[in-house]
Amino acid sequence: QVQLVESGGGLVQAGGSLRLSCAASGRTFSSYAMGWFRQAPGKEREFVAAIGDTTTYADSVKGRFTISRDNAGKTVYLQMNSLKPEDTAVYYCNGRLGPQESWGQGTQVTVSS
């Protein structure tokens with residue numbers, strides 16, 4: 001399994017941008033489908049975006065967020081633009097390969113009004 005470490009979270013004003021990074025270790029990284037999830041206080045963890053053979057986005061972030069990956073650098077990114085207060089959550093990096101699944105520790109994103 002891969003080990004995942006997120007970075008790039010922080011405080012940003014509404015309408016601003018932030019880029020999250022997820023650094024991975026392991027030689028099989030390129031074979032993993034990677035994704036981002038988030039969890040706000042009092043809410044269930046929800047899907048945000050994923051990249052494997054195709055890219056997929058939650059309706060709530062379409063047109064604003066972009067997921068990408070650098071297999072050589074073993075990193076997955078989440079570019080977040082036009083941020084809204086409702087985007088405030090802990091963001092988690094996820095990787096899947098068959099029965100294997102890995103999660104990062106999470107990084108806090110706070111969007112102020």
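1. In strand β3, serine 25 is the bridge partner of glutamine 3. That contact belongs to the antiparallel pairing of β1 with β3 (residues 18-25), which runs over five bridges; strands count as paired if DSSP finds at least two bridges between them, and a strand is a DSSP run of E with at least two residues, numbered from the N terminus.

2. As to its basis, this is a predicted model, in which local features need pLDDT of at least 70 and side-chain atom pairs count only at pLDDT 80 or more, while totals for chains, interfaces and linings use all residues. Residues are numbered from 1 along each chain as its sequence is written, and side-chain values use heavy atoms, with hydrogens and water left out.

3. β1 and β3 are part of an open sheet of four strands, with antiparallel pairing and the order β1-β3-β8-β7. Because β1 (3-7) and β7 (65-70) stand at the edges with a single partner strand each, one side of each has no neighbour in the sheet.

4. Which cysteines form a disulfide? Cysteine 22 and cysteine 93 do, with their sulfur atoms 2.1 Å apart, where a disulfide is a pair of cysteine sulfur atoms within 2.5 Å. Cysteine 22 lies in β3 and cysteine 93 in β9 (residues 89-97), so the pair ties together parts that are 71 residues apart in sequence.

5. This link is left-handed, with -85° about the S-S bond. Both cysteine 22 and cysteine 93 are buried, meaning under 20% relative accessible area with a 1.4 Å probe and protein chains only.

Note on methods: Buried < 20%, exposed > 50% of the residue type's maximum accessible area, 1.4 Å probe, protein only.
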